[in-house]
Amino acid sequence: MTSASSSPLAITATGLRKSFGDKVVLDGISLNAAAGTIFALLGPNGAGKTTTVNILSTLIGADGGEAQVAGRDLAREPDAVRAAIGVTGQFSAVDKLLTGQENLLLMADLNHLDRREGRRRAAELLERFDLTQAANQLPPTYSGGMLRRLDLAMTLIGDPRVIFLDEPTTGLDPRSRRTMWEIIRELVAGGATILLTTQYLEEADELADQVALLDHGRLIAEGTPEELKRLVPGGHVRLQFADAGTLDYAAKALGVAASHDEALALQIPSDGSVRSLRALLARLDDEGVEVGELSVHTPDLDDVFLALTGQPREKEAETP
Amino acid sequence: MSTGGYAVRDSVTMLRRNLLHAKRYPVSSTGTLVVPILLLLAFGGLFGNALGAGLGVTSGGAIDYTDYLTPAIIVIAAASGALSTSLSVNLDMTAGIINRFRTMAISRASVLTGHVLGSVIQTIIAIVLVIGAALLIGFRPNATAVEWLAAAGLLALLTLALTWPAAAAGLAAKGPEGASNIQLLAFLPILGSGVVPPESMPAGVRWFAEHQPFTPIIETLRGLLLGTPIGNNAVIALAWCIGIALIGYLWARALFSRDPSSNFREVFTALR
């Protein structure tokens, strides 16, 4: 699958623009995703994530800018791009009148696999995504997680080198979300490049090598999850004490400045991990500090947006 | 790599998909049978004697009314198939899977070709069943094997000619309500020489009835199955069929290759 001429960048885009009527949806997006990595587009609803995926996957045209996917130009060689990509959109793209297996065989045929190879790949994917039992049932009987897995299996039957996943875990229960994360990691381990969109900072943090933050059609920050989180001052542990004396003592023990307000609380910067909490608690124990209440505040998308745009993200942009 | 080379293979795959749909969800294809069979029973059975008596006045009573009516019912059956085509295309375009097809390296035309060929096959089956029903209530054609073959060819061409614009209508419609307007097509043969001769109609309607495309098609079919004079109706019928098929095909193709974001634009405008 790899050729000498293939660029180490699986996706590159420069200055992508798109408007629907007088509404500017993408206002000059540039991004680069290295081959064999996960690139996450993070942003609230209405930020332009899906539009970016739709353009990069050849579904709709851009009004301006250019992009290469898998080394092929989007505008000049859309069919070569299509042959290299797989897309699993936000909304289910399975044929509801065909069984799980028939859906996969349809995809095998459209990927021009021969009959034997198609059957083999379909059976393999059903097995891998735990759908063998449901292979002969129609999708309306599937759970949300199963439907998402079938959708992804259909995308994978053509062995795409670049995979677009638009909000792959939105609406899934925590367990199905974990399963989907496992699958995504395996795909990258197998050599694929993934561009995924998400509304969850946690998900980008968990999966992505590179994250770009999208807001109102512009990229407002880009970097590794660590780099992004460093931009965000939101992560801390809040310790509450019974009286000012204990607070002072604790502040000295932990080496932070004590601020005397009515709340009698200390804010200790923390990434919220179990390890750092355990270390903090051990420290407090060693010093014999009596803590009244403890709460962990991890930075979330709201903190990121607050930190980067100076204003909370617009709630009305969300759709149920 | 050109996707053009896969046009036939992809079309066959899509055809198989559409036939599987029809097998799994036969309501829409059996729906194709309801209108022509009901009209056959109403005009042929209930009003047959009265209409036949009236017919005798204008055409000299040389022809049995069920025989006169059946070619029109067959044409109505061909037109009824347009509804299920339009609906299934519309349903497909609003479902997520079409976006998957659009991002795959397949022949773009194959999606529509699959629909159209699937519909043509289903409609031809419906036509055969309608002819069977007509034979049961007394339809007695006197066609030779060659005439039957010619009639079959004409009907296949007619079905194809009606299916392309039906597919386009399904693409153009915003929802199933819009897509089902096409069923009016099935009633158009009545406003021709289908049920009664145009000579018996009021002047304005008569002009339309004599010049609309279904009239030469019905007259040709009548001639092939019953031996009535065809004249230049065959040539006019073929010209109409080829013309309608071509325009329908070009219209459908233009609608399908439209950038889907033009639809999003409508959605966006609607939301604001």
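**Exercise 1. How far apart do the C-alpha centres of domain 1 of chain A and domain 2 of chain A lie?**

Before the solution, some conventions: this is a predicted model, in which local features need pLDDT of at least 70 and side-chain atom pairs count only at pLDDT 80 or more, while totals for chains, interfaces and linings use all residues. Residues are numbered from 1 along each chain as its sequence is written, and chains are lettered from A and ligands numbered from 1 in the order in which they are written.

Solution. Begin with the bounds, which come from an automatic or database domain assignment: in chain A, domain 1 covers 9–230 and domain 2 covers 236–298. The C-alpha centres of these two domains of chain A are 43 Å apart.

**Exercise 2. Describe the open sheet formed by E12, E11 and E13 of chain A.**

Solution. The three strands follow the order E12-E11-E13, and their pairing is antiparallel. Strand E12 (265–269) and strand E13 (293–297) of chain A are at the edges, each with a single partner strand, so one side of each is left without a neighbour in the sheet. From one strand to the next, the twist averages 20 degrees. Strand E11 (residues 236–240) of chain A pairs with E12(A) over five bridges in the antiparallel sense, and A:Leu239 has A:Leu266 as its bridge partner in E12(A).

**Exercise 3. At what angles do H4(B) and H6(B), and H6(B) and H7(B), cross?**

Solution. Axes are lines fitted to C-alpha atoms, for helices over the stretch in contact, and angles run from 0 to 180 degrees between N-to-C directions. The axes of helix H4 (residues 65–94) and helix H6 (residues 109–136) of chain B come within 9 Å and cross at roughly 150 degrees. Angles under 35 degrees count as roughly parallel, over 145 as roughly antiparallel, 65 to 115 as roughly perpendicular and the rest as oblique; H4(B) and H6(B) are therefore roughly antiparallel to each other. The axes of H6(B) and helix H7 (residues 145–172) of chain B also come within 9 Å, crossing at roughly 135 degrees, which makes H6(B) oblique to H7(B).

**Exercise 4. How many residues of chain A are in contact with chain B, and of which classes are they?**

Solution. Contact requires that the C-beta atoms of two residues, placed from the backbone, lie within 7 Å. On this basis, 27 residues of chain A are in contact with 27 residues of chain B. Helix H2 (78–84), strand E6 (85–88) and helix H3 (100–110) of chain A each supply at least two residues of the side of chain A that touches chain B. For the classes, Ala, Val, Leu, Ile, Met, Phe, Trp, Tyr, Cys and Pro count as nonpolar, Asp, Glu, Lys and Arg as charged, and the others, Gly among them, as polar. That side of chain A has 14 nonpolar, seven polar and six charged residues.

Methods. Helix = DSSP H or I, 4+ residues; strand = E, 2+ residues; numbered from the N terminus. Pairing = 2+ DSSP bridges.
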